[in-house]
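I'm opening my notebook on this one. My plan is to look up a few spots one by one and jot down what turns up.

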Amino acid sequence: MKKFMKFILCIVPSLVLTVHEAHSNDAIKHPPLGLLPPVVIPANNPQTPAKIELGKKLFFDPRLSGNNWISCATCHNPTLGFADGLPRMLGGPASKEGGRNTPTIINCAYNELQFWDGRAATLEEQALGPIQNPNEMNETLDSIVKKLNSMPEYVGAFKEVFGTDVTANGIAKAIAAFERTIVFANSPFDRYMMGDESALSESAMRGMYLFNTKAECIKCHSGPNFTDNNFHNIGVPADGPLKEDLGRYDVTKNDADKGAFKTPTLRNITETTPYMHNGFFPTLFEVVQFYNGGGGRSENKSPDIHGLNLTAQEVNDLTEFLKALTGELVHVKYEPMSLGYPNLPDGF
Ligand code: HEC
Ligand code: HEC
């Protein structure tokens with residue numbers, strides 16, 4: 001009977017929609033939620049244990065920054081859901097507040113495009129950006145390559161992994177290889193999908209059904225990583241140092257993209273508060289209420305964002321389902337490392 005219920009909860013939305021489709025163009029067509037497939041590894045950057053280890057070392061090393069005290073992990077901190085817990089990032093030599101919220105890198109291997117506006121296509125392309133950004137790590141590639149080439153530990157590791165001295169290209173490839181191991185799954189949702197009927201509470205199960213139907217979340221947060229890898233304007237109010245953030249428009253110059261941001265994954269969402277591209281909402285409850293009330297105001301708001309008429313119980317159920325999406329690191333064992341100031345070698 002329970003098996004049947006599970007079948008009903010997961011499949012019925014699509015069955016109903018199949019029937020519904022015959023009558024209306026409004027049917028929600030979407031890739032269904034489900035278990036994550038294996039990560040696709042690009043042919044020009046195969047994974048090897050030594051490369052992943054090197055990428056991990058680089059990711060946690062503040063010496064990649066101009067003043068030797070900001071690492072990738074300063075903002076993508078594993079103890080803060082691989083983000084920073086702040087509304088907007090603080091970076092650069094003066095710890096200046098930036099315009100955008102630090103997204104988690106959990107499951108970033110599944111992103112079709114990187115950044116809130118999708119301006120980088122691959123993790124390799126993305127990795128060298130923050131190093132050179134004056135508001136983030138504020139270092140030049142020339143200087144970093146020189147710096148790392150003076151450290152025998154890196155010279156040896158690059159020889160082993162790439163057969164070369166330290167190069168910017170190698171730094172990008174190793175960091176990307178490490179990031180592709182930050183895969184989180186085995187959440188209560190995943191365990192439920194694998195057949196453990198007790199993994200989700202009754203409330204979370206009702207929330208899952210709402211997610212796929214009345215609440216329409218599945219229109220954008222679809223597929224195994226809960227994102228359509230697309231861009232939408234949902235009307236999040238401006239907040240922080242930027243008066244206006246045009247989002248995807250800055251990349252495409254297409255009017256339809258004004259104020260549109262990438263649909264983020266909802267996996268491990270409990271760990272990456274605050275929410276949205278500018279960290280506007282501190283809690284999931286507020287996010288769900290925002291959608292329930294029809295999103296924010298914007299001339300360019302997506303037609304898929306409108307009032308949902310969810311009851312208080314339904315808002316609660318939906319929030320319970322979101323909480324059940326938090327899983328654990330599955331592909332590699334992560335050992336916590338000190339994120340404090342390292343003992344720098346002489347000369348740094
Ligand atoms: C000062 C804080 C800071 C540092 C340091 C930093 N990042 Fe980020 N990271 C951000 C912010 C903010 C964004 C979003 C920027 C945007 O979308 O415009 C981001 C975006 C990303 C993304 C895209 C994720 C997604 O879902 O689109 C990846 C991947 C990433 N960073 C990896 C790295 C790596 C690798 C390093 C080190 C080389 C690094 N970051 C250093 C703040 C930081
Ligand atoms: C029209 C597409 C669309 C629909 C429908 C939609 N979302 Fe979103 N969602 C987005 C986009 C785009 C963002 C990021 C917006 C921004 O930052 O400006 C987002 C952000 C979020 C965030 C914050 C994630 C983070 O890491 O900051 C949560 C949580 C969320 N949505 C949950 C939901 C829920 C629950 C529903 C259903 C009630 C829903 N969404 C419906 C597109 C959508």
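**Entry 1**

I started at Asn186, which lies in the loop between strand S3 (184-185) and helix H8 (188-193). For my own reference, helices (H or I, at least four residues) and strands (E, at least two) are DSSP runs, numbered from the N terminus. Asn186 isn't a glycine, yet its phi is positive, about 55°. I noted the background too: most residues other than glycine have a negative phi, and most peptide bonds are trans.

That sent me looking for a cis bond, and I found one joining Thr273 and Pro274, with omega at about -5°. Pro274 sits in the loop between strand S5 (261-262) and H11.

**Entry 2: what I'm looking at**

This is a predicted model, where local features need pLDDT of at least 70, side-chain atom pairs count only at pLDDT 80 or more, and totals for chains, interfaces and linings use all residues. Residues are numbered from 1 along each chain as its sequence is written, while chains are lettered from A and ligands numbered from 1 in the order in which they are written.

I checked the pLDDT (the predictor's confidence in each residue, from 0 to 100). The protein averages 88, and 87% of the residues score at least 70. Residues 1-27 fall below 50, and beyond near neighbours in sequence this stretch has 12 contacts in the model. Residues 333-348 are also below 50, again with 12 contacts beyond near neighbours in sequence. Here two residues are in contact if their C-beta atoms, placed from the backbone, lie within 7 Å.

**Entry 3: the two ligands**

Which residues come closest to ligand 1? I got Cys72, Cys75, Gly91, Trp116 and Pro130, out of 27 residues surrounding the ligand. A residue counts as near a molecule or strand if its C-beta atom, placed from the backbone, lies within 6 Å of it. Helix H3 (72-75), helix H4 (123-132) and helix H7 (168-179) each supply at least two residues of this shell, and H4 gives the most, with 5. By class I read 15 nonpolar, 8 polar and 4 charged residues around ligand 1. The classes go like this: Ala, Val, Leu, Ile, Met, Phe, Trp, Tyr, Cys and Pro are nonpolar, Asp, Glu, Lys and Arg are charged, and the others, Gly among them, are polar.

Ligand 2 has 26 residues around it, and the nearest are Cys217, Cys220, Tyr275, Met276 and His277. Helix H11 (residues 284-292) gives the most to that shell, with 4 residues.

**Entry 4: helices against helices**

Axes are lines fitted to C-alpha atoms, for helices over the stretch in contact, and angles run from 0 to 180 degrees between N-to-C directions.

At what angle do H4 and H7 pack? I read about 115°, with the axes 8 Å apart. H4 and H7 are therefore roughly perpendicular to each other (under 35 degrees counts as roughly parallel, over 145 as roughly antiparallel, 65 to 115 as roughly perpendicular and the rest as oblique). From H4, I listed Leu123, Glu124, Ala127 and Leu128 meeting Ala168, Ala172, Lys173, Ile175, Ala176 and Glu179 in H7. That contact has 7 nonpolar, no polar and 3 charged residues.

H2 also goes up against H7: their axes come within 7 Å and cross at roughly 100°. That makes H2 roughly perpendicular to H7. Among the contact residues I noted Leu58 and Phe59 of H2 and Ile171 and Phe178 of H7. The whole contact divides into 9 nonpolar, 1 polar and 2 charged residues.
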